[in-house]
Amino acid sequence: MDGEQGRQRPDSGKNLIKIPSYQEVFGNGAAASSSSSTPPSYNPPLPSAAAAAAGSLSSSSFSEAFSFLKSSEFYSPPPPPPQPSTAPRPPLAGATTTPSQSKNAILVSNRQKGNPLLKHIRNARWTFADIVPDYVIGQSSCALYISLRYHLLHPDYLYYRIRELQKNFKLRVILCHIDIEDVVKPLHEVTRTSLLHDCTLLCGWSLEECGRYLETIKVFENKPADSIREHTDNDYLSRFTHALTSIRRVNKTDVITLGSSFGSLSRIMDASMEELARCPGIGERKVKRLHDTFHEPFKRVTPRPNLVVPDTPDREKVSGQPSSTNDGTPEKPGTSKNKKGPDVKSALTAAFAKYSEKIRSQGREAAHEAGEGPSSSTMEGDKTKQLD
């Protein structure tokens, strides 16, 4: 048993962790060299007072050893430690004065500082910025704020503000706060200015309502219009009802009556007014509207009004001379009475008739000149014979 324990002792000593003693670490070289020859032994930690004295001794020896560096030209003193600031923390993004180009926030112009409307924008972030409109509520949408009381004091303010926007925004909203009792005349002026400059007018009777408008436009900036559209089912009856109720005076009860009587929309479209009138509950007006809706053309053809050309006074009556045509030949009597009305067809007919008459007259003159040549030569020959 003793032999086995002796064999196990060196094996268990291999797993021991050697902890250096204080003398080995901070002692002199002789102690370190002597300690290296002797096996290490565990020494308990020194008391706190002794440890503090040893620390001050090592720190003083280190500072004394490298004190000459402070007097060299390469030494620069360390920066002072930062002092804790007692200034208040900056407010939230909604009240900051630095412009932030965040896409998720409403940009507010600096000229709107002090507007009580800003206190009622609670469901959307906003921040001040150096912008031309009062509010930028999207990438291509903006808003101008005006109250009717301010409009009465400065009637031209809204016009100049709209002119500053130019064409930089696709949606331009005029947010009008109605804060007076007599609103007929000033609201008419604001509405007229908005319509003439392609702006959308939104009227609010309180600051809370105006702030709600700005929040809603910002929240629904990137959302489609499906949320405000009428939701219809995809089945046949729902689409059939939606199509027929779009006609005025036709309700859902009439749709059920027409569907049970004819069976399909194509048969209703092909039905005559007498067949539609046989359905119970459908009167004369509904029959006429249904028939006109299905049989009127999509493109209305409006007849062109005939242009009435005022008659010119008779040249013969004014000057006393017979009127002449374009080629200088006198106009035959009675031709002016035979002229037709000023429509396109009659004008073309008259022009072609004049042209053909001109050609005929030119042919007659050419034939007459050709006939005059031989007759004149024969007359000269006869005269010479008589003289002889």
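Guide: Two strands pair if DSSP finds at least two bridges between them, and in this predicted model Leu 175 stands opposite Leu 202 in strand 6. Strand 5 and strand 6 pair in the parallel sense over 5 bridges. Helices (H or I, at least four residues) and strands (E, at least two) are DSSP runs, numbered from the N terminus, while residues are numbered from 1 along each chain as its sequence is written. As to what is counted, local features need pLDDT of at least 70, side-chain atom pairs count only at pLDDT 80 or more, totals for chains, interfaces and linings use all residues, and side-chain values use heavy atoms, with hydrogens and water left out.

Visitor: In which sense do strand 4 and strand 5 pair, and over how many bridges?

Guide: Strand 4 and strand 5 pair in the parallel sense, over 7 bridges, and within this pairing Cys 142 has Arg 172 in strand 5 as its bridge partner.

Visitor: What is the order of the strands in the open sheet?

Guide: The open sheet has 6 strands in the order 2-1-3-4-5-6, and its pairing is mixed. Strand 2 (125-129) and strand 6 (200-204) stand at the edges, and because each has a single partner strand, one side of each is left without a neighbour in the sheet. An antiparallel case is given by strand 1 (residues 105-109) and strand 3 (residues 135-136), which pair over 2 bridges, with Val 108 opposite Tyr 135 in strand 3.

Visitor: How should I read the handedness of a β-α-β unit, and which elements make one?

Guide: A crossover is right-handed if, with the strands pointing away from the viewer, the path from the first strand over the helix to the second runs clockwise. Here strand 5, helix 7 (residues 184-196) and strand 6 make a right-handed unit of this kind.

Visitor: Which strands does helix 6 lie across, and how many residues of strand 5 are buried?

Guide: For angles, axes are lines fitted to C-alpha atoms, for helices over the stretch in contact (heavy atoms within 4.5 Å), and the angles run from 0 to 180 degrees between N-to-C directions. Helix 6 (residues 157-165) lies across strand 4 (141-147) and strand 5 (171-177), running at about 165° to strand 4. For burial, the terms are buried (under 20% relative accessible area), exposed (over 50%) and partly exposed (in between), with a 1.4 Å probe and protein chains only. Strand 5 is mostly covered, with 6 of its 7 residues buried, whereas in the chain of 388 residues buried residues make up 22%.

Visitor: How do helix 9 and helix 10 cross, and what is the hand of that crossing?

Guide: A crossing is left-handed if the near helix is turned anticlockwise from the far one by less than a right angle, and right-handed if clockwise. The axes of helix 9 (residues 236-245) and helix 10 (residues 252-262) come within 9 Å and cross at roughly 115°, and the crossing is right-handed. On the helix 9 side, Phe 240, Thr 241, Leu 244 and Thr 245 meet Lys 252, Val 255, Leu 258 and Gly 259 of helix 10. By class, this contact has 4 nonpolar, 3 polar and 1 charged residues, where Ala, Val, Leu, Ile, Met, Phe, Trp, Tyr, Cys and Pro count as nonpolar, Asp, Glu, Lys and Arg as charged, and the others, Gly among them, as polar.

Visitor: Is Thr 257 buried or exposed, and which residues does it touch?

Guide: Thr 257, which is found in helix 10, counts as buried because its relative accessibility is 16%. Leaving aside residues up to four places away in sequence, Thr 257 touches Cys 279 and Pro 280.
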